[in-house]
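This note is meant for a colleague who is opening the structure for the first time. Please keep the sequence and the model side by side while going through the numbered points.

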Amino acid sequence: MSKNALIQFVEDQIVVKDFPKFRAGDTVTVTYKIIEGQKERMQKFQGIVIKRSGQGKTGTFTIRKISNNIGVERCFPIASPMIENIEVNKFGAVRKSRIYYLRGLRGKKARIKEAKK
């Protein structure tokens, strides 16, 4: 089996669930599975999408939230079998695709306007 055929085979095995369309600036809630030994539980992570990269099965997105006055960022692959659900809470109106400037802002300055749809 050639290298390209092997890569194609692996990509065909990856199943991507149908998630809603979202982009940088949107507030989303990601429900994902956490496995601790024999136990399995669901956890929700809600925050602002600061980056989308890649496309299709190899895409990832990064979410930022403020927890106990500390900024927390988490990167999720779109094709992860651990992601159970993605729910879009608000659509944000931003003009950039990478909104890293949020890292330096606190309080009301870190708010994003809601998009008019």
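This is a predicted model: local features need pLDDT of at least 70, side-chain atom pairs count only at pLDDT 80 or more; totals for chains, interfaces and linings use all residues.

1. The side chain of Glu-73 meets that of Arg-103 in a salt bridge of 2.7 Å, N to O, a salt bridge being a side-chain nitrogen of Lys or Arg within 4 Å of a carboxyl oxygen of Asp or Glu. Since Glu-73 lies in strand 4 and Arg-103 in the segment after strand 5, this pair ties together parts that are 30 residues apart in sequence. Arg-103 is partly exposed, with a relative accessible area of 40%.

2. Glu-73 also forms a salt bridge with the side chain of Arg-64, at 3.0 Å from N to O, and Arg-64 is buried, with a relative accessible area of 11%. In general, side chains of opposite charge can pair when their charged atoms come close.

3. Residues are numbered from 1 along each chain as its sequence is written, and side-chain values use heavy atoms, with hydrogens and water left out.

4. As for the chain as a whole, its secondary structure comes to one helix and five strands, in the pattern α-β-β-β-β-β when read along the sequence. Helices (H or I, at least four residues) and strands (E, at least two) are DSSP runs, numbered from the N terminus. The C-alpha trace spans about 55 × 35 × 25 Å along its principal axes, and 29% of the 117 residues count as buried. The chain exposes about 8600 Å², of which carbon and sulfur atoms supply 50%; accessible areas come from the Shrake-Rupley method with a 1.4 Å probe, and for residues only the protein chains shown count as cover.

5. Strand 1 (residues 27-36) and strand 2 (residues 39-53) run antiparallel and are joined by ten bridges, and Thr-31 stands opposite Lys-44 in strand 2. A further salt bridge, of 3.3 Å from N to O, connects the side chains of Glu-36 and Arg-41. Glu-36 counts as partly exposed at 42% relative accessibility, and Arg-41 is partly exposed as well, with a relative accessible area of 37%. By the rule used here, the count comes to three salt bridges.

6. Strand 2 is joined to strand 3 by five bridges, again in an antiparallel arrangement, and the bridge partner of Val-49 in strand 3 is Ile-63. These two strands form a hairpin with six residues between them, and Gly-54 in the turn has a positive phi of about 75 degrees. Ser-53, which is found in strand 2, makes a polar contact of 2.7 Å with Thr-60 through their side chains; a polar contact is a pair of N or O atoms within 3.5 Å, where within protein one must be able to donate a hydrogen and the other to accept it, and residues adjacent in sequence count only if both atoms are side-chain atoms.

7. Eight bridges join strand 3 to strand 4, which run antiparallel, and Thr-60 has Pro-77 as its bridge partner in strand 4. The hairpin of strand 3 and strand 4 has two residues between the strands. Most residues other than glycine have a negative phi. The phi of Asn-68, however, is near 55 degrees, and Asn-69 has a positive phi of about 65 degrees although it is not a glycine. Asn-68 counts as exposed at 72% relative accessibility, and Asn-69 is exposed with a relative accessible area of 63%.

Technical notes
Two strands pair if DSSP finds at least two bridges between them. Buried means under 20% relative accessible area, exposed over 50%, partly exposed in between (1.4 Å probe, protein chains only).
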